[in-house]
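Trainee: Please take one residue of this protein and look at it closely. Then place it in the wider fold.

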Amino acid sequence: VQLQASGGGLVQAGGSLRLSCAASGRSVSSHAVGWFRQAPGKEREFVAALGRYGNTIYADSVKGRCTISRDIAKNTVALQMNSLKPEDTAVYYCTLSFTLATTERDMKYWGKGTLVTVSS
């Protein structure tokens, strides 16, 4: 199973980025999908999750600014991030899990991450 995240980069505060995660070896339609992030010097934290039936969970820190989605035909997961803040700077990881969850131990598969840097 491989999860390849892309779309990270340098953006000014207030800007937007769309992260994408291409899955191979597993179908995003048969798993819950999610995103975590790890800022420099901090522990990895939950960002967003999308269940098999469309229900979503967002961290309070990104609620209203981020939208998680999946494209079953392309077998990809996306995270649209708007109104970015410097504190959103982190490496973002996509995940697959068997159930909708927000904890690392519940994630079955992890991507390698893509770096998002938000300048002030």
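Mentor: S97 is buried, at a relative accessible area of 2%. Buried means under 20% relative accessible area, exposed over 50%, and partly exposed in between, with a 1.4 Å probe and protein chains only. This is a predicted model, in which local features need pLDDT of at least 70, side-chain atom pairs count only at pLDDT 80 or more, and totals for chains, interfaces and linings use all residues. Numbering runs from 1 along each chain as its sequence is written, and side-chain values use heavy atoms, with hydrogens and water left out.

S97 belongs to strand β9, residues 90-97. Strands (E, at least two residues) and helices (H or I, at least four) are DSSP runs, numbered from the N terminus. The S97 side chain reaches the backbone oxygen of T99 at 2.8 Å. Leaving aside residues up to four places away in sequence, S97 touches H31, A32, D106, M107 and K108. Contact here means heavy atoms within 4.5 Å.

Now set Q12 beside that. Q12 lies in strand β2, residues 9-12. Q12 is exposed, with a relative accessible area of 60%. Its contacts are V118 and S119, again not counting residues up to four places away in sequence.

Next, a sheet. Four strands form an open sheet in the order β1-β3-β8-β7, with antiparallel pairing. Two strands pair if DSSP finds at least two bridges between them. β1 (2-6) and β7 (66-71) stand at the edges with a single partner strand each, so one side of each has no neighbour in the sheet. Inside this sheet, β3 (residues 17-24) and β8 (residues 76-81) pair in the antiparallel sense over six bridges. S20 stands opposite A78 in β8.

Finally, the whole chain. The protein has zero helices and eleven strands. Its radius of gyration, taken over C-alpha atoms, is 13 Å, close to the 14 Å of the globule rule for 120 residues, so the protein is as compact as a globular protein of that length. That rule is 2.2 Å times the number of residues to the power 0.38. The C-alpha atoms fill a box of roughly 40 × 25 × 25 Å along the principal axes. Of the 120 residues, 44% count as buried. Among contacts with a separation of 6 or more, 58% join residues 24 or more positions apart.

Key: Polar contact = N/O pair within 3.5 Å; in protein donor to acceptor, adjacent residues only side chain to side chain.
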